[in-house]
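Please read the following note with the sequence and the structure at hand.

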Amino acid sequence: MPTPARRIGDVILSLDRISLAFGGVKALTDITFDVREHEVRAIIGPNGAGKSSMLNVINGVYRPQQGTITYRGKQRHGMDSHAVAEAGIARTFQNIALFRGMSVLDNIMTGRNLKVRTSFVEQAIWWRRARREELENRAKVEEVIDFLEIQHIRKTPVGRLPYGLQKRVELARALAAEPSLLLLDEPMAGMNVEEKQDMCRFVLDVNEQYGTTIVLIEHDMGVVMDISDRVVVLDYGRKIGDGTPDEVRGNQAVIDAYLGVAH
Amino acid sequence: MEPAQDTFPRLMLHHARTRPDDPATREKDLGIWQTWSWRDVAAEVRALACGLAANGFRRGMHLAIVGDNRPRLYWSMLAAQVLGGVPVPMYQDAPAAEFVFVLNDAEIDYALVEDQEQVDKLLEAAPQVPSLSHIYYDDPRGLRNYEGVTSYERLLDKGREYDRAHPGFFDEQVALGRPDDVSIMLYTSGTTGRPKGVRQTHAAFIAAAKGGAEFDKLRPDDSVLSYLPMAWVGDHLFSFAQWVYVGFTINCPESGDTVMTDLREIGPTYYFAPPRIFENLLTQVMIRMEDASLVKRWLFAHFTAVARRCGTEILDGRNVPLGDRIRYAIGNLLVYGPLRNVLGMSRIRVAYTAGAAIGPDLFRFYRSLGINLKQLYGSTETCAYVCLQPDGGVHFDTVGEPAPGVELTIAGNGEVLVRGPMLLKEYYKRPDATAESIDAQGYFHTGDAGYMDPSGQLKIIDRAADVGKLADGSMFAPNYIENKLKFFPHIKEAVAFGADRHQVCAFINIDVGSVGNWAERRGLPYSGYTDLAAKPEVYALIRECVEKVNAELAAEPGLSGSQVRRFLILHKELDPDDDELTRTRKVRRGFIADKYRVLIDALYEGRAVQHIETLVKFEDGRTGMVAADLRIEDAKAQPAALPLAA
């Protein structure tokens, strides 16, 4: 099979000496790493290593006490959630955060929120402009539905779906925002082998087709080593490794902390 | 003067000339049904044929077609036929290793496939298939950086360019086509041994399409849902040959998982499905009814009872008392109509089932709702066209009367022999097999054992080769017993053994949907198929089914000895990926008997438990082991029915 020739670009996001503490608990200590345009960047580490905290710092849920974040040339101490979304960053959550009573279609439509320009009143009276906009947004959402192959559940309430599909719907909602940087928090947790393979393919397809940069947290080592360009390893809030999957695999500190005895 | 419409391309062009704006093909894409008129189809086929020709496709060459039912794949069949080439549709769910055989056997140079999945499989097979030189794909997703494969759009562009440079080319090619050219090559499912390539001509499939269309009065405004594998002869007759002959509309579903929704949205007037689809639909209805409110359950129970009593008679136009007619009309308003609507069958004029035996209760259920479900009989070698049931002459245990133009006779050994315009031209590169199956009088030996019943309809007993004898000399027809077992919704698959043995034993596969639902309602926890299949409660449930079948067999003359004395529930589902079933889901008896020899021995040696480990293949080609200790249970047999006093 031909290997996809992805063109990895310049650094678009760099985190410099980030430290985050909740009272006496140090979640992240002095962490520095960067993300390049169009790459798949994985964050791995044992439970409680600070992976989700790291993602939350990137998209502005947490504000680190120390350190700076530079995103597309703009340096700040902390990100702001709304600004993050407008800057083209979307994410999915470790424990699914969808509207359970709403249909798959409506859930994904919420991902278009920031693209809506018409006012509430225009929409309420179904003004021509609002109607056209709704059609455009729906067309984009249908494209995402087609991309993730979830046509069969378009009208199903999310709460009735199995876990693996809910994860896929969450990815769909993130994609509907047409992000340039996508943060995925354990996209494959709790999935069976087949669902994991599907998800891997989707992640790679998103990366290849739309050129979306992807930062993902994942526990499944096989998955991480297969699909990532570079991996950063955290343990107890500290960075203990950073590099290509092969480099990380050979790193003694990583083996000791996480992978256990080499096999 | 217009040329004779004796090839598929000419038929297609005829529709494009006479009714250019009528819908020919629909597909649901991005949530919306897109329509292509006959004019659009003609233009597309023209560009496609020119594109293939520009890339070196010549008369007599083979074009492999692999994928789900996509409009472009149907059109590409026409394009290959325009050029005097032969389309070879292949089963899209087969793994790469299975592709290799067909690709080599058919000496495929050109392939047009649906998407990345199929491209990957072809590329995996390619090193073993030296002839394969051109691969085209429909859906570009994920294929951006592939080398050596070409998109459908580029092929079309090239075709339009070629067409401009050679304006007369397309019409010349169409004019070169002759009715006795091979129009399609379909592979047999291969229940025994390797699949064989069946070569059919334009004339044969047009004869079959015409016969069926006239028999059932099909019209250009009919509509069908094309969702069955394109490599299957049934789909080729209904979604291709009859489509191009009659000029109705084919509708391609959005994806394999949306067929039920799409069926409802389209509301086809002409419908074809193997029995398992009707079975799944009914199971879904029953599951949902069990969760419905008391009033609805009562209404459903009451009016289905009314329908059972008089529904089929009303459908057949027979005399029914006025009281029942009124009750049926009320039922139609409250239950049957809404149910037909939910099933997507409100507009059906003609529906057929074939490919396997259908359970009498299942068959009657649909007919009693007012759906004109009928049976037909045919095979790949006969364009799926041998027997059809006429309106008003429908029986659940026959497959219909010989279709127009078909001569049918029963050989001395009970084998069904047929002759007519729909017969295959030959098996590809297998003159031995061709000579073996078509005799000096021109009769094709179907390999099925059957007889004509008093009403003039054909009744099929079993595959002739499978009919054997028990040790005591009485007849043993395994398929007949298996069908009786499979008529229970809890039993998905069964394999009966007994040839040259003193008694009949069986393997059973439970239907995980139906039994799973049954277990859920009883609060019976289970983790998966293997676990559920081993539950003593499930064994008791299946034993009940087996004993009911035994009671039926005991009542039939000569079959009392065929009662199932011992059975076991297999620890895994029989699967085409493990070679246990064919791609059309027929049991490969010999293979199963070899693979599970220890289980058969355990059945006949009277053991109560047998340990087994089985290698299984997953869809992605990886393998794993499933181990289980299988219980083996006895089933009660009934004494044979006493012969009636004369």
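1. The model is predicted, and the points below should be read accordingly. Chain B is built from 21 helices and 28 strands.

2. On overall dimensions, the C-alpha atoms of chain B occupy a box of roughly 80 × 60 × 55 Å along the principal axes. The radius of gyration of chain B is 26 Å, which agrees with the value near 26 Å for a compact globule of 646 residues.

3. Of the 646 residues in chain B, 47% are buried. Among contacts in chain B with a separation of 6 or more, 65% join residues 24 or more positions apart.

4. How do helix 8 and helix 9 of chain B pack, and at what angle? Helix 8 (residues 202–215) and helix 9 (residues 233–246) of chain B have axes 9 Å apart, at an angle of about 80 degrees. Angles of 65 to 115 degrees count as roughly perpendicular, and these two helices of chain B are therefore roughly perpendicular to each other.

5. On the side of helix 8 of chain B, the residues in this contact include B:Phe205, B:Ile206 and B:Ala209. Helix 9 of chain B contributes, among them, B:Leu237, B:Ala241 and B:Tyr245. By class, the residues of this helix contact are nine nonpolar, two polar and one charged.

6. Between the chains, 17 residues of chain A meet 16 residues of chain B. Helix 7 of chain A supplies the largest share of the chain A side, five residues. That side of chain A comprises five nonpolar, four polar and eight charged residues.

Note on methods:
Residues numbered from 1 in each chain as written. Chains lettered and ligands numbered in written order. Predicted model: local features only at pLDDT ≥ 70, side-chain atom pairs only at ≥ 80, totals over all residues. Contact = placed C-beta atoms within 7 Å. Helix = DSSP H or I, 4+ residues; strand = E, 2+ residues; numbered from the N terminus. Nonpolar A, V, L, I, M, F, W, Y, C, P; charged D, E, K, R; others polar. Axes fitted to C-alpha atoms, helices over the stretch in contact; angles between N-to-C directions. Parallel < 35°, antiparallel > 145°, perpendicular 65-115°, else oblique. Rg over C-alpha atoms; globule rule 2.2 N^0.38 Å. Buried ≥ 20, exposed ≤ 12 C-beta atoms within 10 Å, placed from the backbone.
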